[in-house]
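Please open the model in your viewer and keep the selection panel at hand.

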Amino acid sequence: MISVEQTARYVPDRLKSPAARWVKSWESLLIVVALAIFITNSFASPYFLDPWNLSDASFNFTEKALIAFAMALVIISGEIDLSVAAIIALTSTAMGYAAQAGFDTPMLVAIGLATGLGCGAINGLLVTGLGLPSIVVTIGTMSLFRGTSFIILGDQAFTSYPASFAYFGQGYVWWVFSFELALFVVAAIVYGLLLHKTNFGRAVYAIGNNATAALFSGIRVGRIKFILFLLTGLMAGMASICLTSRLGSTRPSIALGWELEVVTMVVLGGVNILGGSGSIPGVVLAALIMGMVTFGFGLLNVPGIVMSIFIGLLLILVIALPIVYGRLSRRWARSAA
Amino acid sequence: MLHDTTTSRIAPAITLEGISKSFPGVRALSDVSLTLYPGSVTALVGENGAGKSTLVKILTGIYKPDGGSIRINGTAVSFPTAHAASKAGVTAIHQETVLFDDLSVAENIFIGHAPKTRFGFVDWAFVNEKARALLKEIGADIDPSIRLRDLGIANRHLVAIARALSIDAQVVIMDEPTAALSHKEIHELSELVEKLKAAGKAILFISHKFDEIFRIADRYTVFRDGRMVGEGLISQTTEDQLVRMMVGRDVGQVFPKKQAEIGEPVLTVAGYRHPTEFEDINFELRRGEILGFYGLVGAGRSEFMQSLFGVTKPSAGAVRIDGNIAVIRTPSEAIAQGIVYVPEERGRQGAVIGLPIFQNVTLPSLGQVSRKGFLRMAREFALAREYTARLDLRAASLDQDVGTLSGGNQQKVVIAKWLATKPKVIILDEPTKGIDIGSKAAVHAFMSELAAEGLSVIMVSSEIPEIIGMADRVIVMREGRIVGRFEREELTAERLVRAAAGIGAVPGEGA
């Protein structure tokens, strides 16, 4: 009686080649936008195309982008870390304190990275150990970390850093290529490989799409999320070293509001704020776009407050755009069919 | 016969004619007709993917049809929104009822159409009183002021039905209402359907269970591949005829049980207990054996299986695999020990919707398809191809989002994922729940094949024919305890039901 077909039917691996998919992707749209801004800027100001000006402009985004790479993974996994700017402040304070006590550059770097990791570990433990929502935890630790920095510094500032410490924020690897730019490129490659080519990256996507099913598939969800918070802490520590070195001083208000710029960068890069999808090339492009816009505004003497209005609008726009587009395309599909 | 003449004389409550609906690349419905009569239950049958859900969504205003007409009591209508459909008197009760956990029963019944006072506020006194009356009318003993969260699935269905009555629906769609219900609850539901019939409602009843269809429905409509392929009176058809119409070929409810050679014990569970869910679970599973776990919904079977798989911690108990003590604290440890679990809640716990098919298949086997932590795309596709082909997966490509597949094919992806880990023990929790009859037979055939290859299978099922048809041995659980053990030869439906319900054993049976 039973006549279930036992001959397996052929199922192709793919219908669309990865290249065909790329053409229609968010990333290719970002490339077009980046080129458009680049061309507009070069017409708007005669100073834009100067290599040294461009090199200077890269400082607008390199430090934030370092954090954005780790943040992209956190958001893809369905979590968020809003304490990154506060981690920069606390890390910078720790380094400034150590510098005043007479420690030299290698020790300062070690303290910076360790403080970042420590803050990340606190976030990670609260989220995975106690199972608290990361948005609440990191809003809490945001106040905690920056508050600690305020208590230590008050209205003072640490300004006595060793001369060799200046290299991270002011040094050049070769010609116009700064240390920060080089670090940005290396971090982009490392995070790109980590997210797109490793088992770890696959687990991050699986968790972001369905954490329960990922757990039921043997993915160690808690462990991976903990590592992700360690990574954002580490990258915030790294960014803090660069920023402190570049400014040569630490105030408790350092990097105020950066968490929103970092999240904007990640979301502009095509990472779904609800988790599950996104790419590192997208975040790299978003960093370039935001850097160029900031630079362009600077050349045109647009005041800083306008810039933050722009960032706010951009954040809302890039979150709304895919949702509105999805709704419209469904409506078109409905009425066209 | 008498029934036939009455229904054909009565004017239809709702008539659908020439309904078509396409999605990009798929023709979900083509030129479908359906007629529902007041005071009559029409069963809509068809395999998954036959277009039943699409039709329900058109009837409830969620999709707009590409063509065709809908008439209610003779007048042409259109449902641009879900609200319009509900205003026109069409309501649906879904398999997983969409209600609000944190609102009270009365609020759930009246949400969206609550009566207002003169000042525009909700008239709570009236709402509560009316809710109480509606619940009483359908014989439900539910306090309208308690929160929905505190009700079981069966009672939630009753609330949904009360809601349907509260909007004075003329057409009630019941989309697999019994999928999650126990035996007794199903019985109560069918009494309720009788009441709705008596109240003159036109009912569209969607179910995969034939015994129910023949008990409850008056008429039937069969869909296959988006077309209507047959309709008529239930009294003038047979199960075999319906199945033939559904699949377009002969698939008997014959279980493809192969007698596998049963070997030495693979898994031994001793003294497993949990503070609230189950206690004192002891059993042995042998190589090549299919061990059935039968019981009512809520008997603690899934909870026990998930604890065996490392999702929840037992408070005591020991597991041996091939005679060695195994420590299982997480699913990844269970997988490493060769125990895998195909969960009942496919969409929530089984498939990672949003990821493509091949990535779902390789998810627990990332070590196999990578070198030093770096994934090898070619190996991934090779592994996915091998195991999806074994299960005869129907898909456009392996790169397709698993969420776009039908329930049966999603289940095949989940099973393929586990086979790729080369397990010793596979636990299947309600493996054929809510999947179409063709996929069902494929899953059964496959289960038999796995046992024949020396895998040990634990099959949790609430469907007696499936248990009797497939299992070598059956353990019955009730309220968290093992209350019966049966060998294949002694299996009868009556013994299983008695043990599960705690009615006491058939004379001569030790429980």
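A residue is called buried if 20 or more other C-beta atoms lie within 10 Å of its own, exposed if 12 or fewer, and partly exposed in between, with C-beta atoms placed from the backbone. Helices (H or I, at least four residues) and strands (E, at least two) are DSSP runs, numbered from the N terminus. This is a predicted model, in which local features need pLDDT of at least 70 and side-chain atom pairs count only at pLDDT 80 or more, while totals for chains, interfaces and linings use all residues. Residues are numbered from 1 along each chain as its sequence is written, and chains are lettered from A and ligands numbered from 1 in the order in which they are written.

**Stop 1: a covered helix**

Select residues 301-308 of chain B, which form helix α10. Of its 8 residues, 7 are buried; among them are Arg301(B), Phe304(B), Met305(B) and Leu308(B). Just beyond α10(B), select Gly310(B), where phi is positive at about 90 degrees.

**Stop 2: the sheet of chain B**

Next, display the open sheet of 6 strands in chain B, whose order is β6-β7-β8-β3-β9-β10 and whose pairing is mixed. Two strands are taken to pair if DSSP finds at least two bridges between them. Which strands stand at the edges? They are β6 (90-93) and β10 (227-233) of chain B; each has a single partner strand, so one side of each lacks a neighbour in the sheet. From one strand to the next, the twist averages 20 degrees.

Now select β6(B) together with β7 (residues 171-175) of chain B: the two run parallel and are joined by 4 bridges. Within this pair, Thr91(B) has Val172(B) of β7(B) as its bridge partner.

Helix α6 (residues 153-166) of chain B lies across β6 and β7 of chain B, and runs at about 180 degrees to β6(B).

**Stop 3: the domains of chain B**

Colour chain B by domain: domain 1 (2-247), domain 2 (263-338 + 423-503) and domain 3 (353-422). These bounds come from an automatic or database domain assignment. The centres of domain 2 and domain 3 of chain B, taken over C-alpha atoms, are separated by 25 Å. Between these two domains of chain B, 11 residues of domain 2 are in contact with 9 residues of domain 3, contact being counted when C-beta atoms, placed from the backbone, lie within 7 Å. On the domain 2 side of this boundary in chain B, α16(B) gives the most, with 4 residues.

**Stop 4: where the chains meet**

Show both chains: 48 residues of chain B are in contact with 34 residues of chain A. Elements giving two or more residues to the chain B side include α11 (331-336), α14 (377-390) and α16 (437-452) of chain B. Here α16(B) gives the most to the side that touches chain A, with 4 residues.

**Stop 5: chain A**

Finally, select chain A, which has 15 helices and 2 strands. Along its principal axes, the C-alpha trace of chain A spans about 85 × 55 × 35 Å. Of the 337 residues of chain A, 44% count as buried.

Notes. Axes are lines fitted to C-alpha atoms, for helices over the stretch in contact, and angles run from 0 to 180 degrees between N-to-C directions.
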